Amino acid sequence: MENDNATIILAPLQGFTDVTYRNVFSDHFSGVDEAVAPFISTMGQMRLKPTRIKDVAPENNKKLFVIPQILGNVAKDFIFLADHLYEMGHKKINWNLGCPHSKIAKKKRGSGLLMYPEEIDIFLDTVLSKISNTLSVKIRLGRKSKEEIFSLLPVLDKYPLDEIILHPRTGIQMYEGTSDHDAFAQALLNSHHRFTYNGDITDTASFHTVQKKFPNIRRFMIGRGILANPCLAEEIKKIIVDEKKIWRLKNFHDDLFTSYEKLFPGPAHLTGRMKGFWAYLGPTFKNSRKPLKNILKTTSVARYRDMVDLFFQTEPEIIK
Ligand SMILES: Cc1cc2nc3c(=O)[nH]c(=O)nc-3n(C[C@H](O)[C@H](O)[C@H](O)COP(=O)(O)O)c2cc1C
């Protein structure tokens, strides 16, 4: 099957795929066509959080097309933020209806709203008549049960959405178990909207499985799979790069480190952020357990750099 016409979208990963990551990623790797930015929460009282707005400012996002994502359930606050994003140049925005964290969900935000399709109906009715941006939604199968989606889809069908990005797990599942392909297939049968598939694409084999199961799907969102293997989109699209992968990963790491070094106020911030990446990147290498542990337990920047240099000097083998 041809992968040339597959669109690959970098998933929003709060704490990872911010503008710095997206730009450094784009300097080193290709194959990703667009990104949904990590969510911006609505704030109320016509307030905006400058750092979150900066993350999606078009002038900072010239390398990879980005769609801002909003988390919130108050229509007037959503409209205020959507209008601001439109004035900045964002013709497309995304609504987060998937965040699984209970702190958020219990306030009927993210996946917490999925159990209330009538509230989603009122929200969309109000918001879509007021905003100039087009809207897509990122959803899960439900908050508690995968049956919830069957009450939601007829509501979504009433509105002109760009697409539905579906991660086929429930909210309470968090990231446990596997993505439910049968439930994804059922959702496709019960909606008029275009869908993007999202969930557990970690290598070319899992991409091909999804592509074979859903031949009409052209858009694939990948998150953790790209953190673990930044070359994944290239591998899916069969983009050949001559340089050895291990050195590409090292150069990418070093640039990311330098970029965050300029940004973060203190060493704990910097090493904390970089160690977050290692938790995903580390298992990509064979026999990485011990050296990875050494990286993850560093507290000073100097020690972190030493441990990372040591790691790459051994030219660890990459698990295919
Ligand atoms: C650390 C982390 C942060 C995330 N942040 C967001 C977010 O800001 N907005 C969102 O819609 N989903 C978020 N997600 C969910 C991902 O976008 C994606 O739906 C999920 O990871 C499944 O895709 P994957 O298996 O390709 O990673 C996050 C997931 C993780 C693990």
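Helix 1 and helix 11 cross in a right-handed way (a crossing counts as right-handed if the near helix is turned clockwise from the far one by less than a right angle, and left-handed if anticlockwise). Keep in mind that this is a predicted model, where local features need pLDDT of at least 70, side-chain atom pairs count only at pLDDT 80 or more, and totals for chains, interfaces and linings use all residues. Residue numbers start from 1 along each chain, as its sequence is written.

**The helix pair**
- Two packed helices are described by the angle between their axes and the distance between the axes.
- Here, the axes of helix 1 (residues 19-28) and helix 11 (residues 245-263) come within 10 Å and cross at roughly 150 degrees.
- So helix 1 runs roughly antiparallel to helix 11 (the cut-off for that is over 145 degrees).
- Axes are lines fitted to C-alpha atoms, for helices over the stretch in contact, with angles from 0 to 180 degrees between N-to-C directions.
- Helices (H or I, at least four residues) and strands (E, at least two) are DSSP runs, numbered from the N terminus.

**Around the ligand**
- There are 22 residues around the ligand, and Ala-11, Pro-12, Pro-38, Gly-223 and Arg-224 come nearest (a residue is near if its C-beta atom, placed from the backbone, lies within 6 Å).
- The shell splits into nine nonpolar, 10 polar and three charged residues.

**Lys-144**
- Lys-144 sits in the loop between strand 7 (134-142) and helix 6 (149-157).
- Lys-144 is partly exposed, with 15 other C-beta atoms within 10 Å (20 or more is buried, 12 or fewer exposed, in between partly exposed; C-beta atoms are placed from the backbone).
- Leaving out residues up to four places away in sequence, Lys-144 touches Met-115, Thr-170 and Ile-172.

**Positive phi**
- Most residues other than glycine have a negative phi.
- Gln-45 isn't a glycine, yet has a positive phi of about 50 degrees; Gln-45 counts as exposed, with 6 C-beta neighbours inside 10 Å.
- Met-174, also not a glycine, has a positive phi of about 50 degrees and lies in the loop between strand 8 (164-170) and helix 7 (181-189).

Key. Angles under 35 degrees count as roughly parallel, over 145 as roughly antiparallel, 65 to 115 as roughly perpendicular and the rest as oblique. Two residues are in contact if their C-beta atoms, placed from the backbone, lie within 7 Å. Ala, Val, Leu, Ile, Met, Phe, Trp, Tyr, Cys and Pro count as nonpolar, Asp, Glu, Lys and Arg as charged, and the others, Gly among them, as polar.
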